[in-house]
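Here are my comments on the model you sent. They are set out as numbered points, and they keep to what can be read from the coordinates.

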Amino acid sequence: MTGIHRLDTSLGPVQAAFDAHGAVIYLGFADHEFRESLLAKLARLGPAQAAPVGAMARLLDQLEAYAAGARTAFDVPFRLHGSPFEQRVWAELQRIPFGETRSYGQLAAALGDPNLSRAVGRANGANPVSILVPCHRVIGASGALTGYAGGLARKARLLALEGAVSPGASRPAGSR
């Protein structure tokens, strides 16, 4: 897929794709486990665009501020492409406050059916804009860190950055 840009960040190397208006349509770690399938899904929507002037710099600035602990939310524009269920899950992910976590079951219950935790996990894994839509804030029912395509060490680091887990811990500090 053309239009994929590599950004070297303090969080690690990421790849980003933008639409013609400068909205992020893909953001993931360069070694993201499901990167190829997400990029193929986006390619079916049409080619990614060259990043409009300033879009890549704005994204990089915000990621660096987040990594430095100076930003708790992002205001870069992004567009999500997915099924209606995925859209609902991603909207629920955006409601998880900085520094807090939720289990897959809690997200399923918030969506109206506590039996949907596996489907929530699949939708979480299909999130095309990692970090901006905070899928890293979702944990297992036991409080264990599970299921992050960017790797569990990276998930632990992101949660530690947010104060939701102690560095080196496998259980979140701020889960509810």
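**Notes on the predicted model**

1. I start with E162, which lies in the segment after helix 6 (152–161). The model is a predicted one, and the remarks below should be read with that in mind. E162 has a relative accessible area of 6%, so this residue is buried, the limit being under 20%.

2. The side chain of E162 has two polar contacts to describe. One joins E162 to the side chain of H136 at 2.8 Å. Another, also listed at 2.8 Å, joins the side chains of R137 and E162. Leaving out residues up to four places away in sequence, E162 touches Y66, F98, G99, H136 and R137.

3. R137 is placed in the loop between helix 5 and strand 5. With a relative accessibility of 7%, R137 counts as buried. Once neighbours within four places in sequence are set aside, the contacts of R137 are T72, I96, P97, F98, E100, T101, R102, L159 and E162.

4. Which residues make up the aromatic cluster? Y66, F74 and F98 form it together. Two aromatic pairs are counted in total. In the pair of Y66 and F74, the ring centres are 5.3 Å apart and the planes stand at 50 degrees, so this pair is tilted. For Y66 and F98 the centres are 6.4 Å apart and the planes are at 85 degrees; because edge-to-face applies to angles over 60 degrees, this pair falls in that class. The 6.4 Å separation of Y66 and F98 should be read against the pairing limit of 6.5 Å.

5. The pair of Y66 and F98 links distant parts of the chain. Y66 is in helix 2 (residues 55–67), while F98 is in the loop between helix 3 (84–93) and strand 4 (102–103), 32 residues apart. Are these two residues buried or exposed? Y66 is buried, with 2% relative accessibility. F98, at 31%, counts as partly exposed.

6. A separate ring contact involves a charged side chain. R154 lies over the face of F29, and its distance from the ring centre is 4.0 Å.

7. Helix 5 (residues 117–125) has a buried side made up of A119, V120, A123 and N124. These residues cover an arc of only 140 degrees around the axis, which means that they lie on the same side of helix 5. An α-helix has 3.6 residues a turn, so residues three or four places apart point the same way. The exposed residues R118 and R122 are carried on the face of helix 5 turned away from the buried side. Cover for the buried residues comes from elements including helix 3, helix 4 (104–110) and strand 5 (138–139).

8. On the chain as a whole, there are six helices and five strands. Their order along the sequence is β-β-β-α-α-α-β-α-α-β-α. The chain has 176 residues, of which 47% count as buried. Among contacts between residues at least 6 apart in sequence, 62% join residues at least 24 apart.

Methods:
Residues numbered from 1 in each chain as written. Predicted model: local features only at pLDDT ≥ 70, side-chain atom pairs only at ≥ 80, totals over all residues. Heavy atoms only, no water. Phe/Tyr/Trp six-rings, centres within 6.5 Å; stacked < 30°, edge-to-face > 60°. Buried < 20%, exposed > 50% of the residue type's maximum accessible area, 1.4 Å probe, protein only. Helix = DSSP H or I, 4+ residues; strand = E, 2+ residues; numbered from the N terminus. Lys NZ or Arg CZ within 6 Å of the ring centre and 35° of its normal. Polar contact = N/O pair within 3.5 Å; in protein donor to acceptor, adjacent residues only side chain to side chain. Contact = heavy atoms within 4.5 Å. Arc of directions from axis to C-beta.
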